[in-house]
Amino acid sequence: MRKLLTGNSAAAWGARLAEVDYLPVFPITPQTEIIETLAEWVDRSELDARLTTLESEHSMVTAAGAAAATGVRVFTATSSQGLLYAMEMLYNLAGWRTPLVLVNVSRGLSAPITLEPDHNDVLAARDSGFLQLHCATCQEVLDGVLLGYRLAEDMRVRLPVLVNLDGFYLSFTREPVIIPTQDQVRAFLPPFDPGRNRFRGGEPVSQAVAVLGGGTYSYFRYQAHLAALEAKKVFQEISADFKTHFGRAFDAIETYRCEDADILFVMMGSFATKAREAVDRLRDDGRKVGLLRPRLLRPFPSQAFVRLLSGRAGVAVIDQNLSTGLGGVLYTELAAALYPLQRRPVLVSYVGGLGGRDITAGEFYAMVEEVRQAVTTGRVPPPRLLFTESEMQSVRGLQRIAGGKGRDA
Amino acid sequence: MSEQDVARTGKKRRQSPLGAGTPMCAGCGGLQALHQIYDLVGDKTVFVNAAGCMTLLSIYPFTPFPGSWLYTAMACAPAGAQGVRDALDVLLSKGRIRPEQDQLPVVLTGDGSAYGMGLSATSAAIDRGLDFLYICYDNEGYGNTGHQYSAATPTGARTATSRVDGYSGVKKDLFTIWSAHRPAYVATAIGTEPADLARKVKKALSLRGPRLLLVLAPCPTGWGFEPARMVEIGKLAVRTGIWPLKEYSDGAVQHTMVPSKRVAVEDYLHLQGRFRHLFVPVRNDDKLAALQLQVDDYWSHID
Amino acid sequence: MYRIRFHGRGGQGIKTASRILGTALFLEGFEVQDAPRYGAERRGAPIFAYVRADDAPIHERGVIHRPDLVVVADDTLLTITPAQVLEGIASASVVLIYSVRSESWWRQQFPQIGQMVVLRPDRGTGVGLPAGIFCAGAAAALLGTVSREALVKAVEEELAAHDSALVESNRQAVLAAYEAVSVSHGMVHSGVPQPVAKTAAPAWIDVSRDAVDIAAPVIHAGTTSRLVKTGLWRTRRPVIDKEKCRRCLQCCAWCPEGGILVGEDGFPMIDYEHCKGCLVCVAQCPFKAIRAIPEAQAKEERDAQASDRQ
């Protein structure tokens with residue numbers, strides 16, 4: 001069935017088709033539509049799951065992990081401040097090695113508080129042990145949830161998976177989405193087998209037990225890391241299987257018109273479709289430009305990036321996030337991945353789309369031009385915030401009303 | 001009798017279900033109560049723990065529990081119990097486990113979590129009517145970090161963060177806060193009144209819904225007394241009226257042990273290092289009288 | 001550099017002892033590093049503390065693997081965990097043992113100890129003070145680089161929060177111990193750094209992924225804590241007198257450890273492998289049928305019984 005769905009609705013459909021058992025929830029904009037949709041299905045007995053509203057995201061993620069540790073399939077969702085409020089438990093659940101899917105609807109972090117998206121929320125969780133899938137379309141949201149369960153529940157992995165979509169640009173945006181049949185999904189995603197780490201009366205199991213000593217701690221943390229690395233291989237198998245079942249690709253990295261491209265955009269999330277559009281227009285103009293978009297951010301597909309970027313002339317890395325005092329996160333991670341290469345492409349770092357700020361076609365074209373000049377001259381420009389003169393004038397206007405003197409005290 | 005006697009003779013008749021060998025302090029009043037409670041709740045339980053002294057009951061690969069255990073974090077043990085209960089209900093209703101594989105989620109936290117960081121999660125678990133048992137071992141301070149004052153610390157007690165004049169606040173009335181949620185059952189208890197404790201645990205087990213036990217845990221380390229005096233101090237906490245034993249159910253509060261003639265509060269205080277400053281170098285009559293008055297005032301409202 | 005390792009039990013003033021020695025060395029102009037090390041164990045459980053002192057700034061940190069001086073504040077530790085207490089000692093290392101037993105007895109027990117000093121508990125000075133303060137005084141004398149004045153000043157600084165009577169008794173105790181080992185003054189020599197060539201290479205391995213049922217911090221068994229012998233924490237043991245015991249079994253209920261079992265004959269049996277020696281049972285027995293005896297005495301009685309049977 002092909003239907004117009006919002007990204008939030010697509011996430012709910014993913015959970016429904018995965019036949020989840022348990023839905024610990026808590027409302028937050030722009031995620032709330034997901035839990036409202038699921039709550040209605042549960043009330044109408046269209047989804048045989050238990051839904052519990054917790055009093056915070058911290059408790060919500062705790063309940064999610066505890067239920068997964070008991071042995072049921074769990075889905076939960078949050079956004080932004082909620083993800084950060086739950087952060088302590090994200091690390092815990094990964095340490096418990098409990099498989100589940102958490103959908104995060106990205107939204108810029110406070111302060112100042114705002115509603116529109118960027119990726120600082122989800123990137124704050126990048127070291128938590130949650131694997132991360134990043135979506136660019138509503139279809140990918142549904143597909144990502146299904147893939148997420150296969151990945152999380154694979155016995156070689158057994159880590160929680162975070163599926164990310166952008167607030168507003170996907171969460172509230174309708175696009176045609178193919179909703180697979182329940183039978184199709186069942187053929188792809190078998191029922192959850194909790195294995196031996198689960199609670200049953202009459203069988204003593206202690207989970208999430210404290211350790212003493214750095215050696216034991218190192219072992220367990222590193223085991224989670226090894227499982228995450230193993231997830232690269234497992235993801236390849238699962239995405240190939242996904243294509244067989246559904247006819248759609250969900251590769252670790254989307255490659256868009258990259259074959260002969262000498263300059264590439266690298267970015268993630270829904271704004272990357274704007275880059276696709278820009279690539280098409282630049283190709284119309286005869287420029288050899290392409291796009292690489294990681295769907296899999298954890299584990300980080302380093303080798304795939306090396307393979308795809310080896311021999312290219314230049315890359316514009318567009319980060320919709322900002323690591324304060326460092327710069328763009330994707331830029332830093334990509335630079336680290338490419339360091340072993342003998343012939344590395346020129347990397348130019350751009351930070352754009354913070355708090356949902358638009359990235360215009362003209363800006364994509366200008367970035368390609370800057371990268372081309374950097375390649376020609378060998379002079380790499382410093383990182384740039386995508387921010388225009390008119391935006392500055394607008395801020396100045398606001399500041400005049402807000403008062404203040406504009407001098408360092 | 002030698003170390004080997006117990007193992008060699010094989011003539012043990014009754015061994016405590018909860019295993020020995022934990023790192024709790026010698027003379028821990030909380031552990032003494034937990035043994036009695038565990039004897040009754042049994043091993044078809046998942047103990048869901050919040051950060052506190054008893055987090056160290058289970059240190060990999062050692063656990064005293066013959067049943068199950070899940071450590072969560074300081075703020076959220078009741079939410080963990082919610083997840084376990086909900087998951088078991090789903091498994092039961094979908095026929096994926098047999099009824100005899102069901103378990104009771106039991107939250108186990110100290111006062112630091114119960115009176116403070118975890119209170120929101122507890123309140124919400126009661127709102128939701130969660131079918132669980134909550135055991136708070138109340139040693140009146142953040143014991144596991146060296147006994148700083150918490151919202152459970154009594155007036156005047158010296159702690160690591162009130163070293164000079166003692167705690168200036170008043171012990172929070174968690175029993176009343178919990179009861180105000182109108183859960184199935186709330187009780188105060190202490191391990192040194194075993195009959196009262198056992199009756200309350202049995203009563204809690206006979207009910208469904210949120211059931212909460214607030215257990216005073218005399219703490220040799222944090223309160224400053226010889227471990228051997230743990231039981232004596234626990235009994236004095238009751239006989240002085242400082243720790244009223246009571247229960248809430250069906251909207252009413254009942255006192256379960258009313259001391260016929262209350263022992264003077266200072267008989268309890270002077271045995272503990274945390275109150276020593278009220279007696280030496282000079283006796284602080286005003287403060288001692290004020291502490292006695294707190295207790296008298298409480299009991300003047302009780303029939 | 002001097003590398004000094006203290007071994008004792010929670011409650012014996014080991015941290016304070018290490019700090020007094022650290023402060024005394026600091027007052028003498030040394031660069032100093034001191035730190036206690038304890039795990040989850042509590043009062044009565046074995047703990048360590050470290051003191052390093054050198055003329056140059058100290059870059060080493062954490063556990064001392066090659067001590068110049070090992071201070072054993074509780075001699076029962078030598079019998080229960082000798083491997084830990086004597087770890088890394090060389091022929092030049094000095095082992096100071098605070099014990100009622102003689103040096104010849106200890107030498108017989110531990111011939112591998114090259115240099116040994118036994119400090120006998122003083123029957124006159126500082127009765128009731130924990131072992132730590134005596135060990136601090138003796139250790140200072142063995143180093144030979146700490147004056148009485150610096151030692152006393154260190155005691156005053158470290159015990160500044162306590163009342164003057166307590167400071168005075170500790171001052172006397174630390175000096176008494178200092179004098180008691182005066183024949184061995186300066187016996188400890190500052191250790192030399194381990195040369196690179198003599199340092200063993202680490203046996204690194206490449207860790208591979210394990211199955212999740214063992215790769216997560218999960219215990220798939222119950223009551224494994226019984227393998228932990230918390231009886232080692234005990235310095236005094238409760239002993240039941242079956243003549244006086246009326247089998248009321250109150251002791252079973254009061255025991256915080258669940259460490260008193262009931263035998264077939266209905267008498268309580270103390271699980272000495274786990275009894276931490278809190279002595280609640282001694283205090284609560286209505287028939288005064290349980291008495292407390294020092295562990296050392298218990299061992300003597302056991303040894304005597306064993307030789308009787310031979």
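**Entry 1: chain C and its domains**
I began with chain C, which is split into domain 1 (2–194) and domain 2 (229–309); these bounds come from an automatic or database domain assignment. I found the C-alpha centres of domain 1 and domain 2 of chain C to be 32 Å apart. Where they touch, domain 1 of chain C gives 6 residues and domain 2 of chain C gives 8 residues (contact: C-beta atoms, placed from the backbone, within 7 Å). On the domain 1 side I listed 3 nonpolar, 2 polar and 1 charged residues. Here Ala, Val, Leu, Ile, Met, Phe, Trp, Tyr, Cys and Pro count as nonpolar, Asp, Glu, Lys and Arg as charged, and the others, Gly among them, as polar.

**A note to myself**
The model is predicted: local features need pLDDT of at least 70, side-chain atom pairs need 80 or more, and totals for chains, interfaces and linings use all residues. Residues are numbered from 1 along each chain as its sequence is written, and chains are lettered from A and ligands numbered from 1 in the order written.

**Entry 2: chain C against chain A**
I then looked up this contact, made by 16 residues from chain C and 21 residues from chain A. The chain C side has 9 nonpolar, 4 polar and 3 charged residues.

**Entry 3: helix α2 of chain A**
Helix α2 of chain A covers residues 32–43 (helices are DSSP runs of H or I, at least four residues; strands are runs of E, at least two; both are numbered from the N terminus). Which residues of α2(A) are buried? I noted Glu33(A), Ile34(A), Ile35(A), Thr37(A) and Leu38(A) (buried: 20 or more other C-beta atoms within 10 Å of its own). They pack against several elements of chain A, including β1 (2–6) and α1 (7–17). After α2(A) comes Ser45(A), with a positive phi near 60°.

How values were computed:
Expected span 1.5 Å × (residues − 1). Buried ≥ 20, exposed ≤ 12 C-beta atoms within 10 Å, placed from the backbone. Contact = placed C-beta atoms within 7 Å.
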